[in-house]
Amino acid sequence: LLLLHINCSQVPTVSTWYKLEANACLLVCVCCVLFSSCCCCCCCCNNTTQVELLLGATEDRICGTIDIEKALTEGVKAFEPGLLARANRGILYVDEVNLLDDGLVDVVLDSSASGVNTVEREGISIAHPAKFIMIGSGNPAEGELRPQLLDRFGMSVNVRTLMDVGQRTQLVLDRLAFEQDQEGFIASVQPEQEALTAKLVAARELLPKIKVPRDLQLLISDMCSRLNVDGLRGDLVVNRAVKALVAYESRTQVTREDVGRVISSCLNHRLRKDPLDPIDSGIKVAMLFKRLTDPEFVKREEEAKKKQEAAAAEAAKAAKKAGSWGGLPSRR
């Protein structure tokens with residue numbers, strides 16, 4: 001499951017998502033694709049179903065309910081499938097997941113975790129497959145998800161507005177080209193999409209051959225313990241994500257650098273957040289990883305702290321007026 005925290009004022013359209021391939025979004029999507037058993041062709045096939053779950057949806061529309069038309073015209077009980085049935089072996093996109101009712105989010109997450117949707121209502125008892133990749137987006141400024149629900153999402157990515165002038169201009173040009181000629185624009189990026197599809201297929205074939213070394217598994221669990229991550233979902237997701245990254249890059253050996261590249265996206269939304277803490281959760285994860293893996297980073301951090309304390313002491317000493325009372329002498 002992928003949770004996108006949209007912090008920009010305008011969400012990128014479908015035609016511009018490929019521009020985010022160089023960012024963490026591609027990494028997270030690769031992890032979803034490689035470890036998903038619901039899509040037989042890596043979700044890159046044109047026949048893959050994509051279902052959008054909107055804010056106004058009800059539980060009946062999501063899970064399914066009795067077919068009223070058949071009940072009235074034929075007098076029989078029949079099941080009318082919902083959005084979860086349509087999303088089977090495809091992608092379920094939840095827009096503004098943080099504003100969706102908690103009960104509905106629970107239903108969707110339970111079905112995604114188990115791969116089965118069970119409906120018990122109006123004398124109907126039915127269970128059908130509901131295996132899908134779930135992608136949710138939302139603006140944290142409009143409201144946060146409960147920690148129990150956040151923990152159910154595998155990875156999270158913060159999507160921000162591009163500040164690089166070249167990339168920003170190219171994104172605007174691509175959007176204008178898409179609005180002017182949609183089919184022509186899609187055809188122009190088709191070679192890139194086909195190359196990405198082939199790379200994902202090869203990565204999925206390579207994935208079973210990749211093993212995470214024991215020392216890195218201990219490092220991952222140590223990180224989760226030090227960050228007070230509840231449960232084992234964080235440990236499992238980091239292990240799977242690092243294997244997916246290595247497979248995507250056509251390698252078989254997992255390194256510490258690979259763990260460092262994925263661990264922030266896997267753990268930053270699982271930390272207990274203090275509203276008064278100015279440090280982002282992702283930065284906390286990255287700093288702890290450096291402390292555990294890079295001794296030089298710890299030395300530099302201690303030296304910087306000593307310099308700050310010395311500078312603060314000098315500033316306090318310079319601010320003290322000449323002849324002013326300095327307090328009682330300290331005991332030694």
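In this predicted model, the axes of helix α7 (residues 165-180) and α8 come within 5 Å and cross at roughly 130°; axes here are lines fitted to C-alpha atoms, for helices over the stretch in contact, with angles running from 0 to 180 degrees between N-to-C directions. Helix α7 is therefore oblique to α8, a label for angles that are not under 35 degrees (roughly parallel), over 145 (roughly antiparallel) or 65 to 115 (roughly perpendicular). On the α7 side, Asp174, Ala177, Phe178 and Gln180 make the contact, and α8 contributes Gln182, Phe185 and Ile186 (contact: heavy atoms within 4.5 Å). Helices (H or I, at least four residues) and strands (E, at least two) are DSSP runs, numbered from the N terminus.

Helix α10 gives the most, with seven residues. Of the 30 members, Met223, Leu227, Val238, Val259 and Leu267 touch the most others.

Turning to the strands, β6 (residues 116-121) and β7 (residues 124-129) pair in the antiparallel sense over six bridges, pairing requiring at least two DSSP bridges. Val116 has Pro129 as its bridge partner.

Residues are numbered from 1 along each chain as its sequence is written, and side-chain values use heavy atoms, without hydrogens and water. Local features need pLDDT of at least 70 and side-chain atom pairs count only at pLDDT 80 or more, whereas totals for chains, interfaces and linings use all residues.

Definitions and conventions
A nonpolar core is a set of buried Ala, Val, Leu, Ile, Met, Phe, Trp, Tyr and Cys residues joined through side-chain atoms within 4.5 Å. Buried means under 20% relative accessible area, exposed over 50%, partly exposed in between (1.4 Å probe, protein chains only).
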